[in-house]
Amino acid sequence: MPVRTPSAARADLVADTALALLAERGMRGLTHRAVDEAAGLPQGSTSNVARTRQALLELAVRRLAEREARVLALEEMPDPRGGLDALADGLALATHRSLTRHRALTLARYELALEATRRPELRSYFNATGRRFRDQLGALLTAAGSPAPGRHVLSLVAWADGLLFSCVAGSFSNEVPSLEEVRAGLRELLAGMSGP
């Protein structure tokens, strides 16, 4: 593991604090001063790391992608050639972690996604970080024998995002499904993708 320089460690602290503030207070609660206070940093420290609001949002998106990659752990997924059940098991674990232990991170992602609809420069940045995940998922589905991996990635991401939004911020926020329920839903979806 590479050694983090003090400036990189400071950037991570600022980004992690920004993500926590987004989950707790929403986009309006994210300011340079609020990050300094919540992180216990001297006033002006966040501005030294990310001078503008756009730079702070980009830093948060980059850190979000790093942290979500660890939550999803696609590189640790079972070999998709082992069948759709193995793939469903791995994806269910990742999705359930996002619903439970990493719920605040999921909330922060939705705050950033909505802000990106109003900031084209953030939208392109947000989309580029998400593309890496979609590409990895496409490779898994291709290896599992998907006849249309591009379409199936969209269906799978839409299903997972719908479940996450409904259970984190939507009308099912008090009814988080169990790991087995998430696994069952993924198995049904993946079985439909494999055809008759």
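Let me start at T106: setting aside neighbours within four places in sequence, T106 is in contact with S98, L164 and V168, where contact means heavy atoms within 4.5 Å. This is a predicted model, in which local features need pLDDT of at least 70 and side-chain atom pairs count only at pLDDT 80 or more, while totals for chains, interfaces and linings use all residues. Residues are numbered from 1 along each chain as its sequence is written, and side-chain values use heavy atoms, with hydrogens and water left out.

T106 sits in helix 6. Helices here are DSSP runs of H or I with at least four residues, numbered from the N terminus. With a relative accessible area of 1%, T106 is buried. The term buried stands for under 20% relative accessible area, exposed for over 50%, and partly exposed for what lies in between, using a 1.4 Å probe and protein chains only.

Staying with helix 6, which residue of this helix belongs to an aromatic pair? The structure holds one aromatic pair. Its members are Y110 and F165, with ring centres 5.3 Å apart and planes at 85°, so the pair is edge-to-face. Y110 is in helix 6 and F165 in helix 8, 55 residues apart, and the pair therefore links distant parts of the chain. For the terms: rings of Phe, Tyr and Trp (its six-membered ring) pair if their centres lie within 6.5 Å, and planes under 30 degrees apart count as stacked, over 60 as edge-to-face and the rest as tilted. Y110 is buried at a relative accessible area of 13%, whereas F165, at 40% relative accessibility, counts as partly exposed.

Next, the helix pairs. Two packed helices are described by the angle between their axes and the distance between the axes. The axes are lines fitted to C-alpha atoms, for helices over the stretch in contact, and angles run from 0 to 180 degrees between N-to-C directions.

Helix 4, residues 53-72, packs with helix 6, residues 103-116, at an angle of about 140°, and their axes are 11 Å apart. Helix 4 is therefore oblique to helix 6. Angles under 35 degrees count as roughly parallel, over 145 as roughly antiparallel, 65 to 115 as roughly perpendicular and the rest as oblique. The crossing of helix 4 with helix 6 is left-handed, meaning that the near helix is turned anticlockwise from the far one by less than a right angle; clockwise would be right-handed. Helix 4 brings L57, A60, V61, L64, R67, E68 and V71 to the contact, and helix 6 brings L105, R109, L112 and E115. By class, this contact of helix 4 with helix 6 has seven nonpolar, no polar and four charged residues. Nonpolar covers Ala, Val, Leu, Ile, Met, Phe, Trp, Tyr, Cys and Pro; charged covers Asp, Glu, Lys and Arg; the others, Gly among them, are polar.

V71 counts as buried, at 6% relative accessibility. Beyond neighbours within four places in sequence, V71 is in contact with A94, R97, S98, H102 and L105.

H102 is in the loop between helix 5 (84-99) and helix 6. Is H102 buried, exposed or partly exposed? Its relative accessible area is 25%, and H102 is partly exposed. Not counting residues up to four places away in sequence, H102 touches V71 and R97. H102 and E68 are 34 residues apart along the chain, and their C-alpha atoms are separated by 8.8 Å.

The other helix pair is helix 8, residues 149-168, with helix 9, residues 179-193: they pack at an angle of about 160°, with axes 11 Å apart. That makes helix 8 roughly antiparallel to helix 9, and their crossing is right-handed. From helix 8, H152, S155, L156, W159 and L163 meet V182, G185, L186, L189, L190 and M193 of helix 9. By class, the contact of helix 8 with helix 9 has eight nonpolar, three polar and no charged residues.

S146 is in the loop between helix 7 (120-143) and helix 8. S146 is buried, with a relative accessible area of 17%, and touches L141 and H152, leaving out residues up to four places away in sequence.

Last, helix 2, residues 32-39: H32, A34, V35, D36 and A39 are buried there. Just after helix 2, G40 takes a positive phi of about 70°.

Note on methods. Helices (H or I, at least four residues) and strands (E, at least two) are DSSP runs, numbered from the N terminus.
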